[in-house]
Amino acid sequence: MTATGRGEDALNDGARILIIDDDRGMRETLALILGRKGCAVETAASGEAGLEKAQQRSFDVILLDIKLPDGQGVDLLDPLLDHHPEAAVIVITGHASVKTAVQALNDGAAAYVTKPLDMDEVLAIIRREVKTQRLRREKQRAEEALRKSKDEYQLLAENVADVIYKLDLGSGRYTYVSPSVERVLGYAPEEVTRLSPEDVLSPESFARQSRGLEEALAIGEEFSAPMELEAVHKDGHKVPVEVRAKFIVDERGNPTEILGVARDVTERKEMEGRLRQQGRLAALGQMASGIAHDFRNRLNPIILYAEMALREAGTPSNLKAHIQTMLDEARSMADLVQKILDFTSQSMLDRRPMDLGELLELRAESIRRALPPSVRLSIRRGPGPYPVLADRGRISQAVDNLVSNALDAMGAEGQLRLDLSRVESPPEAAPDPESAGSTGGWICLSVSDTGTGMTEGVMDHVFEPFFTTKDVGGGTGLGLSQVHGIVRQHDGFVDVESAPGQGTTMRIYLPAHQEEHDAEANGGAQGTPQVDQATVLLVEADDDLRKAGSGMLRSMGYTVLTAADEREALAVCQSARWGKGQADLDLVIADNDRPRTREMLIDRLRRGRSNLKVILTESVGEQEGGASRDTGFPHHVAKPFDPDLLAQAVRRVLERGLA
């Protein structure tokens, strides 16, 4: 397209033109020609009328006669340009007033034309000025858009959590760093612009980044591959960051700068670490649980038979002392097995509503007695109550372990603090804060000491079984792993806060229970009164356990029938010796390993015996939650049997008459 075409297009777009001239013929002729070209034309016969129109609307071009009936046209320049600073004023003059027209140019007029007018010249000047006006407006819009874009970029850069930076490849210095660098690395932006990557990255990360950028440049990549690096905070500690970078090139395509984004991935790395630890603990627990079950199965007959031997009236006293030593050692090993089972979250629980604050009060006196004289104890409680659904014995064990661990860390002196509080919102360290404990909040018990503290390396392994920082013989390394397993089995979690030389705080979080705890849960152990002689059927597949269990029950005065399985149990009950003169069956202790056959057995035995009582035995770890699962029978005993617990369960069921 020719220049003339572009100009005519400009006029056809509706250029707004004002003609101020006292010559009516001149006004009408110019208006006619410009109107046909597509312009929007208005006219005025005097300076006053022209100024009034200029005040009412805007114009692109003003044709101004130098001589007007009410004054000199040149005197209108200032007021016209005040109203329309971007308008082009073209002065119309005769030959005699060219000097005045030149003065008008100096005062701001865009051009002048002389009478008689050459319309081609007039149209060419108008086209030029209209084009200039439109180019100027486009430039202004572009500059405004650029300014707005810069403002938006600056707003984004100054408020985004990531660190945005520009690095000059020539000097190796940062030319721009967003304000978020102060939150991530502790430096003010102006401080970083005096530094290089070598100053803010660890030596290993600086070398890795340099190699990565060199490789990207060598193959002509516009972006470098994302890298996880270690930045160095102003105070010296390491901050993991994920860096993405883009090369900025000059007009010849040579890279001159790097535009990069660095993201603080500390929280992500911590979460990944927690997930790795959970996986490691789960693997260790799976391995340990199998060993613990087998070991406990072998220990249980030893304990049961030792108990029976001590109760025999004819056992010599010197032999009883030996048996007692054997029994004490066996129980010690059973406790060790219990710790392993607690860690694997496979202990059998008797979870009941209770108030953790009341439990802490009961434990406080025994904790005080265990403290060295130079260790100060403080217990702080916020507004209660602190209802949880928990096994009193296992939670007490967890508290004792935390206190023992704190005392070991402090040695002979220090301060031990126990704090109990309610937490409504899920803590950040919760494995699944969106689900666990979300309805009733959390009950938090923290145990703090002023001991030696732990390094990050120690904290990574602190809940692993058999991990210990003590000397050989100083401990089993099962105390904190037992705490971890007990709390996890209660649907809670443990959080650790520690640093070398700054002591340690262990926090137990348990989901708050919605129902009020009952009096029995807080009343401690109930009495187990003697009952009349009863007949008990023990159904147990393990020969050693069946023999030891039946012997223990007989030693308590019960008549005991035994069976290896459900079929044998029915046969025993229907045999000739189960006849007239025999006491009827009062209690069945049945293995719950096979629920369907167990239900069939109890249904058959209860025909005609509506008052038959039932205790279910379960191998520890068969199902997480143990006794808390819904079997339809409220009484459960963990297998292998603990003699005292078995005796208490049998007496309680027979005395209370509960099915």
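Predicted model: local features only at pLDDT ≥ 70, side-chain atom pairs only at ≥ 80, totals over all residues.
On the side of helix 13, Leu 356, Leu 359, Leu 362, Arg 363, Ile 367 and Ala 370 take part, and they meet Arg 392, Ile 395, Ser 396, Val 399, Asp 400, Val 403 and Leu 407 of helix 14. By residue class, the contact of helix 13 with helix 14 comprises nine nonpolar residues, one polar residue and three charged residues. The axes of helix 13 and helix 14, the latter spanning residues 392-410, lie 11 Å apart and form an angle of about 40 degrees. The crossing of helix 13 with helix 14 is right-handed.

Side chains of opposite charge can pair when their charged atoms come close. The search of the whole structure returned 23 salt bridges. Arg 381 is partly exposed at 36% relative accessible area, while Glu 361, at 53%, is exposed.

A salt bridge also forms between the side chains of Arg 263 and Asp 162, with an N to O distance of 2.8 Å. This pair links parts of the chain 101 residues apart, with Arg 263 in strand 12 (residues 255-264) and Asp 162 in the loop between helix 6 (119-159) and strand 8 (163-168). Asp 162 counts as buried because its relative accessibility is 13%, under the 20% cut-off. Arg 263, at 42% relative accessibility, counts as partly exposed.

A further salt bridge pairs Arg 268 with Glu 228, whose closest N and O atoms are 2.3 Å apart. Because Arg 268 lies in helix 11 (residues 266-311) and Glu 228 in strand 10 (residues 223-232), the pair ties together parts that are 40 residues apart in sequence. Arg 268 is partly exposed, with a relative accessible area of 33%, and Glu 228 is likewise partly exposed, at 34% relative accessibility. Arg 268 and Glu 228 also belong to a network of salt bridges with shared partners, which includes Glu 242, Arg 244 and Lys 269.

Notes
Residues numbered from 1 in each chain as written. Heavy atoms only, no water. Salt bridge = Lys/Arg side-chain N within 4 Å of Asp/Glu carboxyl O. Helix = DSSP H or I, 4+ residues; strand = E, 2+ residues; numbered from the N terminus. Buried < 20%, exposed > 50% of the residue type's maximum accessible area, 1.4 Å probe, protein only. Axes fitted to C-alpha atoms, helices over the stretch in contact; angles between N-to-C directions. Left-handed = near helix turned anticlockwise from the far one by under 90°. Contact = heavy atoms within 4.5 Å. Nonpolar A, V, L, I, M, F, W, Y, C, P; charged D, E, K, R; others polar.
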